[in-house]
Amino acid sequence: MYRIDRNNFFAEQKDATVYTPEPVSRFLFEIVHEKIDPDGLVLDPCVGTGSLLGPFNDAGFRTLGIDIEDQGYPSTMVKDFLSLKAGQIETPALAIVNPPFNVDRKMQERAKKMLGRRPLLPEVWLNRIVELWGKKVPTILFAPYGMRLNQSVTSGRWQRFVNGTYPEIVSIVALPKDVYDKVMFHSEVLIFNINGLKGHYFFGP
């Protein structure tokens, strides 16, 4: 999944945040914006500078970002999303999120308490979205290939997809591994609960 020489977090500490390129945000907006409730809330629970919400905001959607620090997006709630309680925020018309890529030791221990092992961070965010609002919320999630591939039949993650704990994936957007600035990362975009999309897209300029 990782090019170890570039991305080994423990060997070379680095910022866990890898920002979503604006063209990717625009691409996702174009394929989904007509298929979600125009009066509903578009939520990014790991908003950063707001790249994913920008196109929705520009088009007049109500948007809200959540992050542990304010990085400049105008509608940012400074809060730890993983500690959010049910009822604090309305059920979103769309949850769209590119979670942190790297797991520091503090997050590793916290995630292990949530799911009983060291999970991928996108799974932590998906799990929290489902806990707060149920598994029918339209969701766009950036994830490494290992989120859904190369699993054993006894894998907890595999079982959660198979037994319906997690929502069904309705579409996948393939991304080139060099789409992000200064990092090589095998990732894709998983889309849940948005009808009328193609099953698979390739992102390209």
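Me: What makes strand 1 (residues 41–44) and strand 2 (residues 62–67) a pair?
Reply: Strand 1 and strand 2 are joined in the parallel sense over four bridges. Two strands pair if DSSP finds at least two bridges between them, so the four bridges here meet the rule. Leucine 43 stands opposite leucine 64 in strand 2. Strands (E, at least two residues) and helices (H or I, at least four) are DSSP runs, numbered from the N terminus. The model is predicted: local features need pLDDT of at least 70 and side-chain atom pairs 80 or more, while totals for chains, interfaces and linings use all residues. Residues are numbered from 1 along each chain as its sequence is written, and side-chain values use heavy atoms, without hydrogens and water.

Me: Why are strand 3 (76–78) and strand 8 (200–202) called edge strands?
Reply: The open sheet of eight strands has the order 3-2-1-4-5-7-6-8, with mixed pairing. Strand 3 and strand 8 each pair on one side only.

Me: Which strands does helix 2 (residues 22–32) touch?
Reply: Helix 2 touches strand 4 (94–97), strand 5, strand 6 (169–174), strand 7 (187–192) and strand 8. Contact means heavy atoms within 4.5 Å.

Me: How do you know that valine 153 is exposed?
Reply: Exposed means over 50% relative accessible area (buried is under 20%, partly exposed in between; 1.4 Å probe, protein chains only). Valine 153 has 62%, so the residue counts as exposed. Its place is in the loop between strand 5 (139–144) and helix 6 (156–162).

Terms used. Axes are lines fitted to C-alpha atoms, for helices over the stretch in contact, and angles run from 0 to 180 degrees between N-to-C directions.
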